[in-house]
Structure formats: structure tokens, C-alpha cells
Amino acid sequence: MSYVIHGKTGDWEVVIGLEIHAQIISKSKLFSGAATDFGSEPNSQVSIVDAAMPGMLPVINEYCIEQAVRTGLGLKARINLHSVFERKNYFYADLPQGYQISQYQHPVVGGGKVILDLPDGTTREIGIERLHMEQDAGKSLHDQDPRRSFIDLNRSGVALMEIVSKPDMRGPEDAGLYLKKLRSILRYLGTCDGNMEQGSLRADVNVSVRKPGEKLRTRTETKNVNSVRFVMQAIEHEAQRQVDAYESGGTVVQETRLYDAGKGETRPMRAKEFAHDYRYFPDPDLLPLELTDAYVEGIRKSLPELPDDKKLRFIGDFGLIPYNASVLVSEKDIADYYEKFVAEVLVRTKLPKERIGTECANVVINDLLGHLNKAGLDIAKSPVTPQMLANLQALKHDNTISGRIAKDVFEIMVETGKDPADIVAEKGLKQITDTGAIEAAVDKAIAANPTQAAQYKAGNEKVAGWFVGQVMKATQGKANPGLVNELLKKKLKD
Ligand code: MN
């Protein structure tokens, strides 16, 4: 997959790196015991530490460290046993301390990787530069009063992981896949809920453009983009803007920009600070963080099966193609549903699992996820349980209903939540496998359409398909298609 901008002066390559701020799942903040619940009354979850009262002292939350290490391990990254909290100094109304406690030269997690699952079934590796812990700032509220702004410090001090990628992405698609995959890994690990609307996952998007083979040119950073779609759009617009600037004889300056989703453009926010502007120095209130190998190994042992491993297992166990496997493992709930579904179908049909793996994957991906997406539902809220869906598959496999009718029954299942056997009985959808009844319908169709029957005899075999349609229509789709085919061919030759 390559993304190229065709300019007046030739082709341009786009270079993208993402810095993700991911809120750590933790009941209390990084350096205080205040709660972190989303949507609480403003300033109801603020300790003296979060409000930066004189003399306050931060105390590290051990659970947050564990979460950051767990995330590093999930990203196949190096865990640094020695790391340091530093003060990043800047002034902003929602930052009462006048500095953010962050990590700079010695982050807790070093280089790692995220594997992208491309639609064509291949994979591509994106490097992780580092992951560090830091506290979030408060929030300015500008829409409460016409003349005044208010500050809500509930978010002040909430634990964040800043996850910095290498500039390994080459187009909006790459960035979208990266963000989705990273979110999936965080959710499997239980270290961040990945909720972009609530701001628990925010993306800073670094973009530059260059002619193929050139060294990196100046990049801009578009801050706090809060959906996958907006990240992709922001990249498209920003890359095009830079190409236009270069091609009209201008330059690109290193700066921080904002993405305006309404206007579909990025615009300057402020000149980019350089690291030295922040006057980083080790926080004298906090000792360096010293971890042990035993501590890290203990966390490693508690890691769940992650999407990449699960994908390989699904390919091996169920004979799936890589793309289907990657869709099924993208969320743990979907993967669990699929496995339960397959297990239930196995019990009912006694078929080998490689036989039904792909069939079940198609039902989940095309029918179930298709419906849930349209209805805006999570799989956890599915009106159809794996057991019910397995009942439907069993009805298909024992020829009670045809594949065609199964689709209709599925539609009724998702609407009503009823069991498929009840739906089939109520609506009289049972497949006709009685040869006599089908024979009668076939005879009737041939007698009613002598012209087409003559065409078939004259060698036009395609007409047979048309006759199948006629018979299926006459039996409201309930005739066994295999039997219809067989009888038609026999009778048309007579
Ligand atoms: Mn940051």
C-alpha cells in the first residue's frame, strides 16, 4: 500500500509519526489518591496535589507503573529498569503547578513495535520509539459564561502514557490501521479503554513530505485529534498543504497546528516549542523509579493472549485467511464470541473445526457484525447469542432450512431475539426435501414454460438456472436447491 501525492513537480512521499496520549485505567491519579471517573461534577475529584497547593508532595501510584510496564510488554518493548520523572515547565491556565511531571531523558519503556494487518492479508511493522508516563492537565471551560472561562481540575494529575511511534507510516491508511491496532492492544491489556470521544486516547500527528529518496524535511504537529477518521483526514490535508507550499516556492515551518474537522483543514496554533524551551529537570520531589527484573517478569507472566498471537492461533486452528482472522481478533469480545460460536456449532454438527471455521467466520463478520454496525451496537449487546447462532447453523447443516432461508431467519432473529427453531416453525420455513413435492413443482414449471424448455434442449444450459429460480419462487424458497437442480436437469432432458 503506497500513498503518493502527485504534485506539479513530481511525486511526493508522506512521512507520518504519531504521539498517542493514552489515559491509564486506574481508580486514582498518578501522584494523588483522587478519583478518575469520567463525567463527574467539575472539581469534585481534586486533591491538594492536583490543585498544586503550596507544600504538596506527589506520591507515585504503583498500579499506574504496573500498567505502563504491562503496556510496554504488550508492545514487545524494552522495559527500562531505571527511569526518571522530570518537570516540563510551561505556563497554562489549566496547569496549576506551572509544570507537568513527565519523563524525558529516561522513559520507563524504550523501543518496541506494532504490527499492522493490511487488507490484502500481509503485515507491516511500525516501530515504537518510547513510552513514558506523565500527568494530564486540567480543562478550561470556555462555553459556560459569555465573559469568563472556568477551570475544571478533575483531569489534572490523571495518569497518561505517551506512546511515540517512529516516523514509519507513509499514508493516512497506515495511520488509521496503526491507531486501531494500538487501541486494540491497549484494550486487550486493560491498560486504557481507548475511548477517543471521551479523550482517553488522543493523537498528535506529525507530518512531513519529501521527494522519494530525500532526507526528512520539516514536520508539523497537529494536536489532539480525537478520532481515527479525523487523524486520516488531518494527514491528507496537512500533506497536501505542505506540497502546495513547497511547489509554490514557499517553505514549511515547524509548528503546532489544529485540525478543524468542520472546515476540513489544519491551521496554525503556535510556533513549535523545542525541548529546551521547557527547561526539563528531574523532579526533586520524586526519586528515580527503580524496577527489578523479577517485577517485570511477574507482569509478563500475567499478560493475556494478545491480538497477534490470537490471530496466528485462529489461522492454524480454524483454517482462516489472515484478513478474516485479524478482523475477528480486533476486539477481545468479538474473538470470544467467535470461539464460543464455533464450539457450539461443533457440538451440534460433529463436523471438524477446519470445516466450519471459515463458514462461522463469514457469519460473524458479514451477518452479525454487519447488523451490529448498522444498529450501532457492541457485540456484548448482541441480541443474538453464540448459542442461538449455532442453532441456526445446525438447522442449515441438517438441511432443515436452505442457506437462502437462513439469511431471512437471521434477520428475524436480530429483530426479535427469538430462537431460530421457533422462527422456522412459526413461519413454516422448513425446507422441502420431499422428492415428490419438488418433482411436482418442477413438472409444473416445465409445463408452464415450453419455450424455455425447448431452449434448454437446443443446448442453452443457462436456462436451467432460470428454471431453478422459478421453482424456488413457487416454493417460497423452501425447496432444497440441490434436489431442485438434480430433478430439473433430469426432467429437462426427457
Ligand atoms: Mn505529552
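**Note on the predicted model**

1. Helices (H or I, at least four residues) and strands (E, at least two) are DSSP runs numbered from the N terminus. The structure is a predicted model, in which local features require pLDDT of at least 70 and side-chain atom pairs count only at pLDDT 80 or more, while totals for chains, interfaces and linings use all residues. Residues are numbered from 1 along each chain as its sequence is written, and side-chain values use heavy atoms, with hydrogens and water left out.

2. Helix α15 comprises residues 481-493, 13 residues in total, and spans 18 Å from its first C-alpha to its last, close to the 18 Å expected at 1.5 Å a residue. The expected span is 1.5 Å times one less than the number of residues. The buried residues of α15 are Leu-483, Val-484, Leu-487, Leu-488, Lys-491 and Leu-492. Viewed down the axis of α15, these fall within an arc of 140°, so they line one face of the helix; the arc is that of the directions from the helix axis to the C-beta atoms. Their cover includes α12 (435-448), α13 (450-457) and α14 (463-474).

3. Which residue places a side-chain oxygen at the start of α15? It is Asn-480, whose oxygen comes to within 2.8 Å of the backbone nitrogen of Gly-482. A polar atom of the Asn-480 side chain also lies 3.1 Å from the backbone nitrogen of Leu-483. Asn-480 belongs to the loop between α14 and α15 and counts as buried because its relative accessibility is 11%. Residues up to four places away in sequence aside, Asn-480 touches Asn-399, Gln-431, Ile-432, Thr-433 and Ile-438, where contact means heavy atoms within 4.5 Å.

4. The loop between α14 and α15 also holds Gln-476. Phi of Gln-476 is near 50°, a positive value in a residue other than glycine. Gln-476 is exposed, at a relative accessible area of 56%. Asn-43, in the loop between β2 (10-23) and α1 (62-74), likewise has a positive phi, near 60°; Asn-43 is partly exposed, with a relative accessible area of 40%.

5. In helix α11 (residues 420-427), Pro-420, Ile-423 and Val-424 are buried. They cover an arc of only 100° around the axis, which puts them on the same side of α11. The face turned away from that buried side carries the exposed residues Ala-425 and Glu-426. The buried residues of α11 are covered by elements including α9 (386-397) and α10 (403-416). Asp-419 caps the N-terminal end of α11, with a side-chain oxygen 3.2 Å from the backbone nitrogen of Ala-421. After α11 comes Gly-428, whose phi is positive, near 60°.

6. Distant parts of the chain are linked by the pair Glu-134, in strand β7 (residues 123-135), and Glu-162, in strand β10 (residues 159-165), 28 residues apart.

7. Glu-134 counts as buried at 2% relative accessibility, and Glu-162 counts as buried at 10%. The side chains of Glu-162 and His-21 are joined by a polar contact of 2.9 Å. A polar contact is a pair of N or O atoms within 3.5 Å; within protein, one must be able to donate a hydrogen and the other to accept it, and residues adjacent in sequence count only if both atoms are side-chain atoms. Neighbours within four places in sequence aside, the contacts of Glu-162 include Glu-19, Ile-20, Arg-130 and Glu-134.

8. Three strands form an open antiparallel sheet in the order β5-β4-β15. Strands β5 (99-103) and β15 (281-282) stand at the edges with a single partner strand each, so one side of each is left without a neighbour in the sheet. Two strands pair if DSSP finds at least two bridges between them. Strand β4 (residues 85-89) pairs with β5 in the antiparallel sense over five bridges, and Phe-85 stands opposite Gln-103 in β5.

Note on methods. Buried means under 20% relative accessible area, exposed over 50%, partly exposed in between (1.4 Å probe, protein chains only).
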